[in-house]
Amino acid sequence: MEFSAPVLNYTLLSPMLILLGGALIGVLVEAFMSKALRPITQLSVTLGTLVLALVQVWKVRNEQSVSAAMGSVVIDGPAVLLQASIIIISIISVLLIADTEHFTALAASLPGSDEERHALQTGNQVTEVYPLTLFAVAGMLLFPVSSDLITLFVALEMLSLPLYLMAGLSRRRRLASQESALKYFLLGAFSSAFFLFGAAFLYGYSASITFSGIRDAVVGGGGNDVFLLIGIAFLSVGLLFKVGAVPFHAWSPDVYQGAPTPVTAFMAAATKVAAFGAMLRIYYTSFANAQWSWTPMLTIIAIITMVFGSLVAIAQRDVKRMLAYSSIAHAGFLLTGVIALNKAGLEASLFYLFAYGITTVGAFAIVTLVRDSAGEVTDLNRWKGLGKRSPWVATAFAGFLLSFAGIPLTSGFIGKFSIFSAAYESGARSVVIAGVLSSAIAAFFYIRVIVLMFFTDPVEDGTSVEIPSSLTSITVIFSLIVTIALGVFPAPILNFISNLATFIR
Amino acid sequence: MDAANYLYLSVLLFTIGAVGVVVRRNAIVVFMCVELMLNAANLAFVTFSRINGDLNGQVVAFFTMVVAACEVVVGLAIIVTIYRSRRSASVDDASLLKR
């Protein structure tokens, strides 16, 4: 039997390869560098690799190829847009991760043990979070560009496994942090088993593991529709889990609350872009002709997700949990873009993902700043009067919340407007009505927080706002500028997206 | 023997695994049930590979084994850490974060 070497297009794969290389360098730095130089080296390596990967993505922006890696990876306009969004979100999240205050000095030590105290006092801070971030980002870049089931599954695990570990690295409340890692891991592994089982049945249906093979089988018909239905349903469970849609959302409030806030920011924003990217690709290309089989299911899930997320968020007293439920509601809004199944829906989803991701990182960056002597203060009651104590921080947070709520002149408005109009165009009326109504419900609790910050008197309980480090300030200011700029002048970026947003098959 | 029987077996194993994840309380056992589900998916892949006369399904099975091994490394690390700090691997005890 003849074996032929695979032909790889290294230029198109380079963003992912650069990130993996950077991650491996990070592992070596962790092992051999002296502890004094470690944090700064790790930060420079991580930021350097991310910027280099972004440059590479920019260079290949006009390329289109289905054969970047023997038909396993497809590079097209949406792929470039999604990869660029993920890298930009990762860069501003890494600036938050750079604040080692949030991370345990020694993750392997027992919480409260002498070992941990010793590591903290001698400044022996381990910095494994940087290589883990890079591995996760590489997986996230691969996830939305995979074009066969093996690559999709490997990328899913590649982005998930580092995130499970990162969730457990918090310095404060370590037991809660470890608990969130356990919950994230067990539920994540459970959902990826469903994902794989669904993939097996899609393979059984189409006798092909590539997305184009599955599409041909769907278009040609003739296969066993039971296999197709089981396949789509189980594969969707895995994807819907990653985006945090109801009823697969149970992990997200706990993990958002327990994980270190910079990790929450990264996970909330970048995972959503990657997972929705993969979802858009597989639904728009492979399953498009089997629309009858998944649109009803996805419509119901989208409606439940929006309404549930918005209603439960009202009852939250913890700012991180509130943002978690708000992200569940946003997953519902984003699902309307998948249901729309037209070019406008794809463009709107890509815009929404980028805008929402940046705003999310900005909002969590503000959460890292509100502290007392025991660490971050996430109880909303203690955020009272924040606007009087530190007007700038409160104003920035208000800006992010208004964008989440979809108030005009913020990126959230343009995102919601374009995604709902795309869904309306495609005839998915029920989902649009539910979306608009739950946006109204959601606006209530965002504005309640703003009222709490600006129109109630501060309580003296030791809560104070940290002076942001220069890196954190960059994240906040960048996110705020993007949030407002995309709301006021969305045209250039909308045109840019519109020129690129076509899946090739 | 009819290849479809292997498919029934794989669905059965998957169901046992899924039920196990839901009803068992020890994190290690829950994790073993997840592994059972992954292997059920593997069996389905190999069976379909046989039915369809296409080798790709068997390749997927190899990849899944590797990924499952990585998952074991990460999973046991997390479970052991939890066990060391709580002296218990029960998923019911891990309830600091309010529902």
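**Figure 1. Overall dimensions of chain B in the predicted model.** The structure shown is a predicted model, and along its principal axes the C-alpha trace of chain B spans about 50 × 25 × 20 Å. Chain B contains three helices and zero strands, which follow the pattern α-α-α when read along the sequence. Of its 99 residues, 36% count as buried, and among contacts between residues at least 6 apart in sequence, 49% join residues at least 24 apart.

**Figure 2. Overall dimensions of chain A.** For chain A, with 505 residues, the radius of gyration is 22 Å, which agrees with the value near 23 Å that a compact globule would have. The C-alpha trace of this chain spans about 70 × 55 × 40 Å along its principal axes, and its secondary structure comes to 20 helices and three strands. Of the 505 residues, 61% count as buried, while among contacts in chain A between residues at least 6 apart in sequence, 81% join residues at least 24 apart.

**Figure 3. The side of chain B that touches chain A.** In this view, 36 residues of chain B are in contact with 34 residues of chain A. The elements of chain B that give two or more residues to this side are α1 (4-23), α2 (27-52) and α3 (56-86), and the largest share, 17 residues, comes from α3(B). Sorted by class, the side of chain B that touches chain A has 26 nonpolar, seven polar and three charged residues.

**Figure 4. The open sheet of chain A.** Three strands of chain A form an open sheet in the order β2-β1-β3, and the pairing is antiparallel. Because β2 (375-376) and β3 (464-465) of chain A stand at the edges with a single partner strand each, one side of each is left without a neighbour in the sheet. Strand β1 of chain A, residues 370-372, pairs with β2(A) in the antiparallel sense over two bridges, and Arg371(A) has Glu376(A) in β2(A) as its bridge partner.

**Figure 5. Helix α9 of chain A and the residue that follows.** Helix α9 of chain A (residues 225-243) has 19 residues and, at 1.5 Å a residue, should span 27 Å, which agrees with the 27 Å that separate its end C-alpha atoms. The expected span in this comparison is 1.5 Å times one less than the number of residues. Helix α9(A) is mostly covered, with 14 of its 19 residues buried. Just after α9(A), Gly244(A) takes a positive phi of about 75 degrees.

**Figure 6. Arg61(A) in its loop.** Arg61(A) is found in the loop between α2 (38-59) and α3 (77-97) of chain A. With 16 C-beta neighbours inside 10 Å, Arg61(A) counts as partly exposed, because a residue is buried if 20 or more other C-beta atoms lie within 10 Å of its own and exposed if 12 or fewer do.

Note on methods
Residues numbered from 1 in each chain as written. Chains lettered and ligands numbered in written order. Predicted model: local features only at pLDDT ≥ 70, side-chain atom pairs only at ≥ 80, totals over all residues. Pairing = 2+ DSSP bridges. Helix = DSSP H or I, 4+ residues; strand = E, 2+ residues; numbered from the N terminus. Contact = placed C-beta atoms within 7 Å. Nonpolar A, V, L, I, M, F, W, Y, C, P; charged D, E, K, R; others polar. Rg over C-alpha atoms; globule rule 2.2 N^0.38 Å.
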